[in-house]
Amino acid sequence: MLPLELTAQSFATYPAEARQLATAHLDTLNRLPLGFAPLLLKELIVFDFRFPMERRDLQRQIRYLESLDPEKLAAAVAPFAQLRLSRELEQTDWVAKPAVFTEQLTAHLWTTHQIDAFRAAAVDYMDKATVAFPDEPRPTHRIGIVAIGQGVKENSYRLFRKLRPQGTYFTSVRPGEGVAVLTALVAKRAAKHPESYAHWYIDGGAPAAVPPAIAKVSWAGLTPARAALQGRMQKIYEAPVWDPEAFRTKLAQIQPEEIGMKDGDDSAMNRFQLSLLTEGSGTQIFATTFVQWAAREALRRAQPLTMLTRFAPRQRERPMNELLAEAQKKSEFDPEGSLVDADMGAWYTWLNQQRLHGAEQSNFLAWFEGHSEAVAVGPAFARGKVSEEPVNLADLAASLL
Amino acid sequence: MVKRFSDLNRGTQRDVAQAISGNRREFLRLTTGAAAAASLFGPATLNAMVAPKGRKAVVVTFGGGARDDETFMPDGQENIPHLLDELIPQATFFSQVVNKGILGHYVATASIVTGAYENFNNFAAVSPNNPTVFEYFRKDLKRPATDSWVVAPSNGFARIGESAHKAFGPGLGAGVILPKRLLTAALSRTADGSRYEHLLRDNYETPLYAPSLAGRQIELGQMAEVLKLSADDFASHAGGLASPDELSVYIARHLMKQLAPSLLWVTLHDIDIAHSGTFSLYVDGIRRADRLCAELWRSIQANPEYANKTNMYILPDFGRDSDIEPGGNGFQHHRTGDAMSRTTWMMVLGPDVKQNVIIDRPVESIDLVPTLGSFFGFNPALSAGKPIAEVA
């Protein structure tokens, strides 16, 4: 099937809002090449379960495509039209399963050495759509806060080595009330700028209490879902025919209710959390990976105004000789290794925040939890500066506002 | 909407690759005092040499690239003391080795082994389509089966020893040893086999991946005969090792001692735990690979069968994604195909290899097989690569 053959009936199985959106823009979809239309449908088919900013981004793409006259539209998607696709791809049910098509397309592009051309075309397309329909100003600047090193007493690793050149490194921070200071800041922002999914708190352990206006994701909160998911993964693994690609596809098709999430509660949040476990790598096993990936995805998808990310110790990876000596030994935590993971996670969280609109005004704070080291990045913090002046964490946090 | 790191991303792949190369070059020159190759010798000098008999080669690939950030850049040097202080001063170092193929570990290693970009599914249990270096080596030079071996980390590499090519294929390739599989078999003789399934964690790209075996890998029963190593001794020794890579190097050294193969290929894999997203474990893997490479080189120098007639080639199969590439997640994967994930390095050590020299010009990872062809004197007729003149 080719995009030209799409009709309103093609979207009969789509969720209500997605179906409405697709049929309203059928003419545009008809004019897209096969190397592009399924990619747009991959976003569109889950429209009902997306965060507000994601919805806005998809609608922006459609507005951009519809703003182009036929000749310019053809030119805009020409690099995708020029991709050499296989007959198998054409025969895939890409309307009903655009995510499966996308996986197969990716494999095909690698195999046929077209991945670089595709990547360049995708970046160029998104840049042009953004320039044509720029982001609207947000109600306030963005704030990201990362707490790392929970449970670490002494440390010899040079922390914030990548972040220090970007801002001011504080060596005499007084923790005071510690994490409570940070959750209070997020709560204050949520109260001042009430907006769905604009304020987040991600915790790699058991989370602190925060107001319901804050979107909350935690490692501990997903323990039942992780256990259920691991059970399903094991069943797929034990199937007579094992296909790694199909494994990923099956994981991606798992529904929230299948692993104990009640989809009626908050479908966007449930599906987001499910995706962390089914699309992330290592997120099912290591709490540090889970937090880093959750922060990345929350920034990419929800584009929050405020985000507090708190890393916690992950389980220790045991060396082979220990595993041989005692296979069933109870798992232990690795606070020191987790600190190194989290230090890198803080760097990635800042990088991902800087990819968002308004990066020039954004503030960021990374703090070694319970200790005196922190780094602050933002317009008010001199780059590459070291401050040895004693400062309260509460004051440092307040300076982000 | 996503804001791009436009100032960093606008460069072409070639620009970025050259910048990576430049970083390595400048850093190594500062730390080791290495000189540029062009000022020392021309590419043609070594080409005229006749390959003497008795030459041996040991190739070490890192399955799971290590980025410059964690190795050759200032913050990374603490992770590779052996490469920097011990090996590079003795080596010719290629700062820009490009892999233009599929960035999956099995298919990429197969591409390096064949000297041609293989296009099969990385997760398929298939032989390479093009003849392997082992087949060229054995067929052209009429070498016995015991003269070429592969020590590989995972079941996915079971068929790496010989190709599906009609003119070569079964019976002409290398023996393949999968140490983790041997260990699991050895331990399972006396215990519940399922207890050791975790040892077969095979491929960090797909955590539960375990393909069927159908290659020419040796099984437990053959180990005692081939390696002169009993299952009990093997299991006992493994009990003191910290990782699968240590097990692989232990087997490689045992092979060198017992069979002294002329062509030995070792693939290390611990680094690839990066796919789990744990930066500290990834760095641990780099440090281990750094130490194991030095240990292997010392073993070569200490073994009369190898000393002064062996070249060692060390190269990652490819790199990992850069931090600034928005489509990736930094060190964790190698999915974007960006310049950092495609650009890596190689060092070559050996009696006829210039020491403490850096080569800046780009070469490709598929050039290794033709280079080995020149070194040994076989003709890799179907390889798409070219001999690397500086070390061929």
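Helix H4 (residues 105-114) of chain B is mostly covered, with 10 of its 10 residues buried. A residue counts as buried if 20 or more other C-beta atoms, placed from the backbone, lie within 10 Å of its own. Helices are DSSP runs of H or I with at least four residues, strands are runs of E with at least two, and both are numbered from the N terminus. The buried set of H4(B) runs through B:His105, B:Tyr106, B:Val107, B:Ala108, B:Thr109, B:Ala110, B:Ser111, B:Ile112, B:Val113 and B:Thr114. These residues pack against strands E2 (56-62) and E6 (263-268) and helices H5 (133-141) and H12 (368-376) of chain B. Contact requires C-beta atoms, placed from the backbone, within 7 Å. Just after H4(B), B:Gly115 takes a positive phi of about 75°.

The model is predicted; local features need pLDDT of at least 70, side-chain atom pairs count only at pLDDT 80 or more, and totals for chains, interfaces and linings use all residues. Residues are numbered from 1 along each chain as its sequence is written, with chains lettered from A and ligands numbered from 1 in the order in which they are written. The model scores ipTM 0.92 and pTM 0.90. For chain B, the mean pLDDT (the predictor's confidence in each residue, from 0 to 100) is 84, and 80% of residues reach 70 or more. Over residues 38-51 of chain B the pLDDT is below 50, and this stretch has 15 contacts beyond near neighbours in sequence. Residues 206-213 of chain B also have pLDDT below 50, with 19 such contacts.

Chain A has 17 helices and 10 strands. Its radius of gyration, 23 Å, is close to the 21 Å that the globule rule gives for 401 residues, so chain A is as compact as a globular protein of that length. The radius is taken over C-alpha atoms, and the rule is 2.2 Å times the number of residues to the power 0.38. Of the 401 residues of chain A, 42% are buried. Residues 24 or more positions apart supply 72% of the chain A contacts with a separation of 6 or more.

An automatic or database assignment gives chain A domain 1 (3-132) and domain 2 (143-398). The contact takes 10 residues from domain 1 and 12 residues from domain 2 of chain A. On the domain 1 side, helices H4 (52-67) and H8 (98-111) of chain A each give two or more residues. H8(A) gives the most to that side, with 4 residues.

Terms used: A residue is buried if 20 or more other C-beta atoms lie within 10 Å of its own, exposed if 12 or fewer, and partly exposed in between; C-beta atoms are placed from the backbone. Two residues are in contact if their C-beta atoms, placed from the backbone, lie within 7 Å.
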